[in-house]
Amino acid sequence: MTDKTIQLRDGRTLAYTEHGNLGGKPVFFAHGNPGSRYMRHPDEAIVQELGIRMITPDRPGYGLSDFQPNRTLLDYPDDIAQLADALGVNEFYMMGTSAGGPYVAATAFKLPER
């Protein structure tokens, strides 16, 4: 696994990892607290077997992702959209655990077409 980063439009760095079937169905995973882009199921073969391309970004201020001053929960979907665009992903699934749940809900609310 390799740490990857992109630069967002506002100049912040967003870090992420990918694993599983890199040609598979894209699923963005919102990690819990504490957590990072390294959070995953202990049996990584599951995502491979299910044909999932798991993309796990560090949320703002976690891991290698820059903090975003004055952010709100509804700012997070913009980061996901920019990451998806950078990866050439038009439509995707979203999942999260624990404190990542509200980020999943915000993304579904703000990006229903994706």
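Serine 98 sits in the loop between S5 and H3. Helices here are DSSP runs of H or I with at least four residues, strands are runs of E with at least two, and both are numbered from the N terminus. Although serine 98 is not a glycine, its phi is positive, at about 55 degrees. With a relative accessible area of 61%, serine 98 is exposed; exposed means over 50% relative accessible area, buried under 20%, and partly exposed in between, with a 1.4 Å probe and protein chains only.

This is a predicted model, in which local features need pLDDT of at least 70 and side-chain atom pairs count only at pLDDT 80 or more, while totals for chains, interfaces and linings use all residues. Residues are numbered from 1 along each chain as its sequence is written, and side-chain values use heavy atoms, with hydrogens and water left out.

Asparagine 70, in the loop between strand S4 (52–57) and H2, has a phi near 60 degrees, a positive value in a residue other than glycine. Asparagine 70 has a relative accessible area of 76% and is therefore exposed. In the loop between S3 and helix H1 (45–49) lies proline 34. The peptide bond leading from asparagine 33 to proline 34 is cis, with omega near -20 degrees.

Now the overall plan. The protein has three helices and five strands, and from the N terminus on these elements run β-β-β-α-β-α-β-α.

The buried residues are Tyr76, Pro77, Asp79, Ile80, Ala81, Gln82, Leu83 and Ala84. Their cover includes S1, strand S2 (13–20), S3, S4, S5 and H3, where contact means heavy atoms within 4.5 Å.

Glutamine 82 of H2 is an example from this helix. Its relative accessibility is 13%, so glutamine 82 counts as buried. Apart from neighbours within four places in sequence, glutamine 82 is in contact with Ile6, Leu8 and Arg9. Alanine 86 also belongs to H2, but at 52% relative accessibility alanine 86 counts as exposed.

Helix H3 (residues 101–110) has Tyr103, Val104, Ala106 and Thr107 buried. Seen down the axis of H3, the buried residues fall within an arc of 165 degrees, so they line one face of the helix; the arc is that of the directions from the helix axis to the C-beta atoms. An α-helix has 3.6 residues a turn, so residues three or four places apart point the same way. On the other side of H3, Ala108 and Phe109 are exposed. The cover over the buried residues of H3 includes strand S3 (25–30), helix H2 (76–86) and strand S5 (93–96).

Among the strands, S1 (residues 4–7) contains glutamine 7. At 63% relative accessibility, glutamine 7 counts as exposed. Glutamine 7 and phenylalanine 29 are 22 residues apart in sequence, and their C-alpha atoms are 19 Å apart in space.

Last come the values for the whole protein. For 114 residues, a compact globule would have a radius of gyration near 13 Å, and the protein agrees with its 13 Å; the radius is taken over C-alpha atoms, and the globule rule is 2.2 Å times the number of residues to the power 0.38. Along the principal axes, the C-alpha atoms fill a box of roughly 40 × 30 × 25 Å. Buried residues make up 46% of the 114 residues. Of the contacts with a separation of 6 or more, 70% are between residues 24 or more positions apart. The protein exposes about 5900 Å², of which carbon and sulfur atoms supply 54%; these areas come from the Shrake-Rupley method with a 1.4 Å probe, and for residues only the protein chains shown count as cover.
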